[in-house]
Structures are given as C-alpha cells and as structure tokens.
Amino acid sequence: MPSFLKDLTPFYGTGEKNAEGKTLEQFLEDYDPYKYRTPCCTTDTVVFSYNGQPVSEDTVFKVLLVKRKNHPSIGFWALPGGFINLEENLEDTARRELEEETGVKGLAVEQFACYGDWNRDPRARVITTAYMALTEESQVKIQAGDDAADAAWCTIHADETSRKETKEYSEVTYALKAENREKEISLCAVVKKTERKGLIREKKYTVSDGGGIAVDHAAVIVQAYLLLKKRIRETGLL
C-alpha cells in the first residue's frame, strides 16, 4: 500500500536496497500494516486545580472528573480522554479530548505514564498515554460534552494506609478519596504501588478497588498526585 507519509526523506537511511532488493518505495508498496493485530491508542488527562493561594504541601487539590454516559463503565467517574486521530500528536489528543469532554482548553499538559495492561478495556486492546495539567480553578469553566454526562471538580486525598518493605520491593497501599458535596459525589478507591528497589526501579500502580472510578483511572490519579506532591516538596514551586 502507499506510504503513510508523503515525505520519505528522513527514512532513506543509507539509500541502499534491502535483502530482497527493494527500495524504500517498493518496500512500502508491499508492506501490510494490518498483518499483525494492533492495539488502539488513547490519552487520559489528570487535571488538578488549586484555589489561587500560594501552592504548598498543605494545598488541597481538586481533580477534574467526567461521568461516563456510555459503555464501558457507564455511570462511573473517569478522567477526560479518548482515542487519538490517525494524524494527531498525543498531546494534541489530550488537549482536544479535554476540551470536548469538559470545555477546558489552553492548558499545558505533561506526559507522565503509560497504562497498557491487556485486559483494561473490553472493546479492544487499548493502551493509554497519561497526561497531567494544573490550573487555578477560577481560571477555567467546565461544561460536560461529547461522551461525558457530567463534569465536576472533586477534592482529592491519597492517604497511605499500609506499607510493606522487602529487600527487593516496596509495596504501598493508598486510599484515594474524591468528593464533590454539591453534586453528591463520594468516591473511595484503593490503589497499590509496587516498586523494585535499585538502579532500575520497575514501578507499577494497580487498582485493588475502583470505588466508582472507571477502569484503572484511580491508579493514574494517584500516580499523578504523588508526582505533583513530590515536586512541591522538592522545589516549593508552582
């Protein structure tokens, strides 16, 4: 089939033919991108807000959640996100989905994780790239749209409830609470963080109990929250 890209200049390498005697153009003509079953790609964004006061270790943050109005996880609260378009950079997907589902736009977003367990979505093999953002709550106006039945700022806390240390691993369990009294939202999830010790710190966040939060989004939130708190402790900067 024809090349996915119009400009092949960056991909010629040394310009030689391959073992089958094909040029890059000939190789691409015969290439079948559907030979292997491939996963779908999405983005999800953790948007934190603060109340305008100087940010410190004592700052109480809120997270922006949307209520799913379709399967899967219908009726559960989730992070704003969705599928990428074929010719769209990941950070652009994150911003687009955020605007489509909540009306929030113009925020800087930072990629911080990838969640790709094979059984995380019943529709297909879905791998999501996680982003985080931070804003003053009064500077944005949220409005549910697209696949969201509702959108809300929820006050969050992620408290450590247990810790187990071995020579090779540390295992920490967190209770994630997300609340919005006005909308009568009260969510409580349990997330476990497992980390290998040493120079290569294999790290994984898993959901033990979603508590009304869709899929593995509780784990994504906890990972982003701990990262934000760590930066505040280390730098004291917003």
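Reader: What makes the contact of Lys-197 with Glu-165 a salt bridge?

Author: This is a predicted model, in which local features need pLDDT of at least 70 and side-chain atom pairs count only at pLDDT 80 or more, while totals for chains, interfaces and linings use all residues. Residues are numbered from 1 along each chain as its sequence is written, and side-chain values use heavy atoms, with hydrogens and water left out. A salt bridge is a side-chain nitrogen of Lys or Arg within 4 Å of a carboxyl oxygen of Asp or Glu. The closest N and O atoms of Lys-197 and Glu-165 are 2.8 Å apart, so the pair meets the definition.

Reader: Which parts of the chain does this pair link?

Author: Lys-197 lies in the loop between strand S9 (185–196) and S10, and Glu-165 in strand S7 (residues 148–165), 32 residues apart. Strands (E, at least two residues) and helices (H or I, at least four) are DSSP runs, numbered from the N terminus.

Reader: Why is Lys-197 called partly exposed?

Author: Buried means under 20% relative accessible area, exposed over 50%, and partly exposed in between (1.4 Å probe, protein chains only). Lys-197 has a relative accessible area of 38%, and therefore counts as partly exposed. Glu-165, at 42%, is partly exposed as well.

Reader: Why is the pair of Lys-204 and Asp-117 said to tie parts of the chain together?

Author: The closest N and O atoms of Lys-204 and Asp-117 are 3.0 Å apart, and the two form a salt bridge. Lys-204 lies in strand S10 (residues 203–209) and Asp-117 in the loop between strand S5 (110–115) and strand S6 (126–136), so the bridge joins parts that are 87 residues apart in sequence.

Reader: What is the secondary structure of the protein chain?

Author: The protein chain comes to three helices and ten strands. From the N terminus on, its elements run α-β-β-β-β-α-β-β-β-β-β-β-α.

Reader: How much of the protein chain is buried?

Author: Of the 238 residues in the protein chain, 39% are buried.
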